[in-house]
Amino acid sequence: PGQTSSGNTATVSQAERRRTLERAVRDTPDDVQARLALARFLMARQKYPAAFEQFSAVTGLDPANVEAQAYSGWLLYLAGRVDDAVIRIDAALAADETYPDAHFFKGVALFRGKSDAAGAIPEFQRYITLVPDSPLSDQVRGLLAEAVAVSKPSGTP
């Protein structure tokens, strides 16, 4: 009782995991995968400035890295820098227009950040087309419905 099937009960604390990821980046600063791993870890723990730093470092090493461009754009959006966010997200879409998260991020940035419901609609539609059953699909469908309702001219049924 209380043990895994392998008998190994050792767990790695978040602090130990962070130190390991930071050491990997320190030891190999040009390793894109090491930086992405650290960025994901930091973002999951809402350490947004530090995550942004890692995603930005990746875009410096590999400007076509779709994940780093998209997520650094999302973090810029969360920081209230909507115009800068859209630039990064557009760079992600230029690298890979089939990356669903970039469409979601751009839709939100346009709809919520720039009050551009008409511009957001095709982004939300593209996201749903790419990943119709993702954990965010219902949320995106709700945003799409809001954007459609807002974009209708007054008096349109």
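This is a predicted model: local features need pLDDT of at least 70, side-chain atom pairs count only at pLDDT 80 or more; totals for chains, interfaces and linings use all residues.
Residues are numbered from 1 along each chain as its sequence is written, and side-chain values use heavy atoms, with hydrogens and water left out.

**Aromatics.** I searched the whole structure and got eight aromatic pairs (ring centres of Phe, Tyr and Trp, the last by its six-membered ring, within 6.5 Å; planes under 30 degrees apart are stacked, over 60 edge-to-face, the rest tilted). Tyr71 and Phe105 have ring centres 4.9 Å apart and planes at 85°, so I logged the pair as edge-to-face. Tyr71 sits in helix α4 and Phe105 in helix α6 (residues 100-114), so this pair ties together parts 34 residues apart in sequence. Helices here are DSSP runs of H or I with at least four residues, numbered from the N terminus. Tyr71 and Phe105 are both buried. Phe104 and Phe105 make a tilted pair, 5.9 Å centre to centre with 55° between the planes. I also found one aromatic cluster made of Phe55, Tyr71, Trp74, Tyr77, Phe104, Phe105 and Tyr127.

**Gln69.** Next I looked up Gln69, which is in helix α4 (residues 66-78). Its relative accessibility is 7%, so I count Gln69 as buried. Leaving out residues up to four places away in sequence, Gln69 touches Thr59, Pro63, Arg88, Ile89, Ala91 and Ala92 (contact is heavy atoms within 4.5 Å).

**α7 and α8.** Helix α7 (residues 117-130) packs with helix α8 (residues 137-151) at about 150°, axes 9 Å apart. The axes are lines fitted to C-alpha atoms over the stretch in contact, and angles run from 0 to 180 degrees between N-to-C directions. α7 and α8 are therefore roughly antiparallel (over 145 degrees; under 35 is roughly parallel, 65 to 115 roughly perpendicular, the rest oblique). Among the residues meeting across the pair I noted Ile121, Phe124 and Ile128 in α7, and Val140, Leu144 and Val148 in α8.

**Arg19.** Last entry: Arg19 is in helix α1 (residues 14-27). With a relative accessible area of 45%, Arg19 is partly exposed. C-alpha to C-alpha, Arg19 and Val108 are 33 Å apart in space, and they are 89 residues apart in sequence.

Definitions and conventions:
Helices (H or I, at least four residues) and strands (E, at least two) are DSSP runs, numbered from the N terminus. Buried means under 20% relative accessible area, exposed over 50%, partly exposed in between (1.4 Å probe, protein chains only).
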